[in-house]
Every structure is written in C-alpha cells, then in structure tokens.
Amino acid sequence: MADKQERNGIVLTEAQKKSRRERSIAIALALGVLVVLFFAVTIVKGPAVLVRPM
C-alpha cells in the first residue's frame with residue numbers, strides 16, 4: 001500500500017526542470033566571474049591594497 005501512495009509536494013515538468021537547471025548554471029557562472037574579477041583586482045593592486053592612510 002505504501003508503494004501506491006502519491007508523492008506529496010510539487011512535481012515539476014521536464015520544461016521546469018530544464019529551466020531551473022539553466023538558471024542555476026547562469027547563477028554559478030556569474031558567481032564564478034565575480035570571484036575571478038575580485039581575484040584579478042587583488043592581484044593587480046598587489047600588497048598595496050592593505051596600505052591605507054589613517
């Protein structure tokens with residue numbers, strides 16, 4: 001009997017699953033670009049990034 005129970009919750013269609021996956025990939029790529037950008041700026045500025053006038 002337990003095998004024939006309906007699943008609780010929302011069941012996504014294949015189009016919705018594909019859309020969710022594409023959105024997740026886009027967010028991951030954007031985050032990766034930001035990480036690389038911050039890293040590059042830190043490397044270009046060098047150790048002087050920590051030297052600030054008081």
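## Salt bridges

A salt bridge is a side-chain nitrogen of Lys or Arg lying within 4 Å of a carboxyl oxygen of Asp or Glu. Lys18 and Glu22 form one, with their closest N and O atoms 3.9 Å apart. Because the limit is 4 Å, that pair counts as a salt bridge at 3.9 Å. The model here is predicted.

How many salt bridges does the structure hold? It holds two. The other pair is Glu14 with Lys17. Their closest N and O atoms are 3.7 Å apart.

## How the partners are placed

## Exposed or partly exposed?

Take the Lys18 pair. Lys18 is exposed, with a relative accessible area of 54%. Glu22 is partly exposed, at 46%. The cut-off explains the labels: exposed means over 50%, so Lys18 passes it at 54%.

Now take the Glu14 pair. Glu14 has 61% relative accessibility and counts as exposed. Lys17 has 44% and counts as partly exposed.

## The helix

The protein has one helix and zero strands. Helix α1 has 32 residues. From its first C-alpha to its last, α1 reaches 47 Å. That is close to the 46 Å expected at 1.5 Å a residue.

What follows α1? Gly46 does. The phi of Gly46 is positive, near 70°.

## A nonpolar patch

Which residues make the nonpolar surface patch? They are Leu34, Leu37, Phe38 and Val41. The patch has an area of about 380 Å².

Look at Leu34 in this group. Leu34 lies in helix α1. Leu34 is partly exposed, with a relative accessible area of 41%.

## The whole surface

What share of the 54 residues is buried? The share is 0%. Buried means under 20% relative accessible area, so Leu34, at 41%, is not buried.

The accessible surface of the protein comes to about 5800 Å². Carbon and sulfur atoms account for 66% of that surface.

Terms used:
Residues numbered from 1 in each chain as written. Predicted model: local features only at pLDDT ≥ 70, side-chain atom pairs only at ≥ 80, totals over all residues. Heavy atoms only, no water. Helix = DSSP H or I, 4+ residues; strand = E, 2+ residues; numbered from the N terminus. Buried < 20%, exposed > 50% of the residue type's maximum accessible area, 1.4 Å probe, protein only. Areas by Shrake-Rupley, 256 points an atom, 1.4 Å probe, with all protein chains shown as cover. Patch = residues over 30% accessible without salt bridge, like charges linked within 9 Å, V, L, I, M, F, W, Y side chains within 5 Å. Expected span 1.5 Å × (residues − 1).
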